[in-house]
Amino acid sequence: GVGKLNLPGKPSDMPTKQAAAAVGQCELMYIYDRLFLQYNHTVAQILLTGEDVDHAERRENFENTMERLLELGALPIINENDTVATSEIKVGDNDTLGAIVARCVKADLLVLLSDIEGLYTADPRQDPEARLIPVVEEVTPQIEALAGDKGSELAVGGMATKLRAAKMVTAAGCDMIITNGDQPQLLYDIVEGKQVGTRFLGRRA
């Protein structure tokens, strides 16, 4: 997509980055539209910034739009609005964005697809003794410590942001699962209630 802008390389200044994002958004939605059309699904695009969910009236508008799209049978594709987002209003990462959306639509479950099977007792790429943790009842400081230091493989893989997302959604009563995105068929197992990856349990009222 960026190649069509006749850029010599990866842009470094913000206006060019945001211009490239505007082109990329079109291409991304074209791909989603083409793929879902094969299954007779209509897709819709929603672009958010932090302001859209921090501002009560705008958040209500977003929630109403989402509710109506789902009623109409459309599949919302939600991304951060990189064409206008500045550091002050950025959501920042897809894990947080997913958690915000899950809370706004009062979802029962948020699934985060990662490059790792779930949360482990240690970094499985470093420690052969590392074990997958199937269920987390509460994100305690001990659980947060498993995300590792900034320099660790797990932190690079974004486990810290996933645990932050887990705290956000479980506080709202929503479960969350982390599992491997290389195996999308696991989504069927999740829907059937089978144990997949790591499940964080939402707080029940």
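Predicted model: local features only at pLDDT ≥ 70, side-chain atom pairs only at ≥ 80, totals over all residues.
Residues are numbered from 1 along each chain as its sequence is written. Local features need pLDDT of at least 70 and side-chain atom pairs count only at pLDDT 80 or more, while totals for chains, interfaces and linings use all residues, and side-chain values use heavy atoms, with hydrogens and water left out.

Helices (H or I, at least four residues) and strands (E, at least two) are DSSP runs, numbered from the N terminus. Buried means under 20% relative accessible area, exposed over 50%, and partly exposed in between (1.4 Å probe, protein chains only). Among the buried residues of α4 are D95, L97, I100 and C104. The elements they pack against include β1 (43-48), α3 (56-71) and α7 (159-171). After α4 comes K106, with a positive phi near 55 degrees.

D93 is located in the loop between β2 and α4 and, at 19% relative accessibility, counts as buried. Beyond its neighbours within four places in sequence, D93 is in contact (heavy atoms within 4.5 Å) with E80, T161 and R164. Two of its side-chain approaches are tabulated below.

| Atoms of D93 | Partner | Distance |
|---|---|---|
| D93 side chain | R164 side chain | 3.5 Å, polar contact |

A polar contact is a pair of N or O atoms within 3.5 Å; within protein, one must be able to donate a hydrogen and the other to accept it, and residues adjacent in sequence count only if both atoms are side-chain atoms.

Strand β3 (residues 109-114) has L110, L112 and S114 on its covered face, and L109, V111 and L113 on the uncovered one. β3 pairs with β5 (residues 175-180) in the parallel sense over 6 bridges, where pairing requires at least two DSSP bridges. S114 stands opposite N180 in β5.
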